[in-house]
Amino acid sequence: MKPARFITIPPSHYCEKARWALDHANVKYVEEGHPPLVHWAFTLPRTRTRTVPILLRDGARPLVDSSDILRFCDEQLAEEKKLFPRDCAAEVAALEDQFDEELGIATRRLTYCYVARNAKLFHAAFAHGMSNAERWIVLHGDGLLRAVLRKAFNVSDRARDRTRAKVEAQFAAVSEKLADGRPYILGDRFTAADLTFVALSNPVLMMGQRVDYIESLDAGFAELVRSMRATPAGAFAMRLHAEHRRPSGP
């Protein structure tokens, strides 16, 4: 079967949520990564939407949301590997939706409060996973791209501080669930709730990156990452990423 086409903004945490699900289910795909705003040229003609991720499969309707892709992947799995186990599917779905609508939106805006105001961070975030021509756009058109992102996300110090409080509240709620020593958010099994929390936390945890490298780009952002990693929920996310996130690829 021909691999699916997976259209993304490579560092997007919603794209990583879908990417992780595809890898977990061994779905074959080829990723097509694009910079923010530029990606509209590749999404609008195919699906009439500006958002990513998008999964295009021969002879099937496009999947245009990370949750739809997650559900599709779950359908490919044996019961023992399912991300929405029968005995707790409703609770898993509720948490996945909560993390999508609250945590993911907040971590994205909080990160853009740093990335959209710092060329070094912007270049580091968007330097990989796209064509040479699009990397050139990132390097030479970053001023315009960052200006549009600052306006789109209403970037300011006040927005940064208020959004950080929202992220910290989400982390505190997960930390409270984990206080009884359970290995996963809902008990003894890895589910879509765990995958979604870890993926959507990544913008403020920067898993796989050394904090001293982040500090060389932006000391304020490095302080945020250190603080979030030090929470029980942050440590939990780092552990699950190390244990469950195998390398991406078709």
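Trainee: How do you know that β1 and β3 are joined, and which way do they run?

Mentor: Strands pair if DSSP finds at least two bridges between them, and 3 bridges join β1 (residues 4-8) to β3, so the pair qualifies. The two run antiparallel, and Phe 6 stands opposite Leu 55 in β3. Keep in mind that this is a predicted model, where local features need pLDDT of at least 70 and side-chain atom pairs count only at pLDDT 80 or more, while totals for chains, interfaces and linings use all residues. Residues are numbered from 1 along each chain as its sequence is written, and side-chain values use heavy atoms, leaving out hydrogens and water.

Trainee: What makes β2 and β3 the edges of the sheet?

Mentor: The open sheet has 3 strands in the order β2-β1-β3, with mixed pairing. β2 (29-33) and β3 (54-56) each have a single partner strand, so one side of each lacks a neighbour in the sheet. Strands here are DSSP E runs of at least two residues, and helices are H or I runs of at least four, numbered from the N terminus.

Trainee: Why is α1 called oblique to α4?

Mentor: Helices α1 and α4 (residues 89-115) pack at about 140°, their axes 10 Å apart. Under 35 degrees is roughly parallel, over 145 roughly antiparallel, 65 to 115 roughly perpendicular, and the rest oblique. That leaves α1 oblique to α4. Axes are lines fitted to C-alpha atoms, for helices over the stretch in contact, with angles from 0 to 180 degrees between N-to-C directions.

Trainee: Which α1 residues meet α4?

Mentor: His 13, Tyr 14 and Lys 17 do, meeting residues that include Glu 96 and Arg 108; contact means heavy atoms within 4.5 Å.
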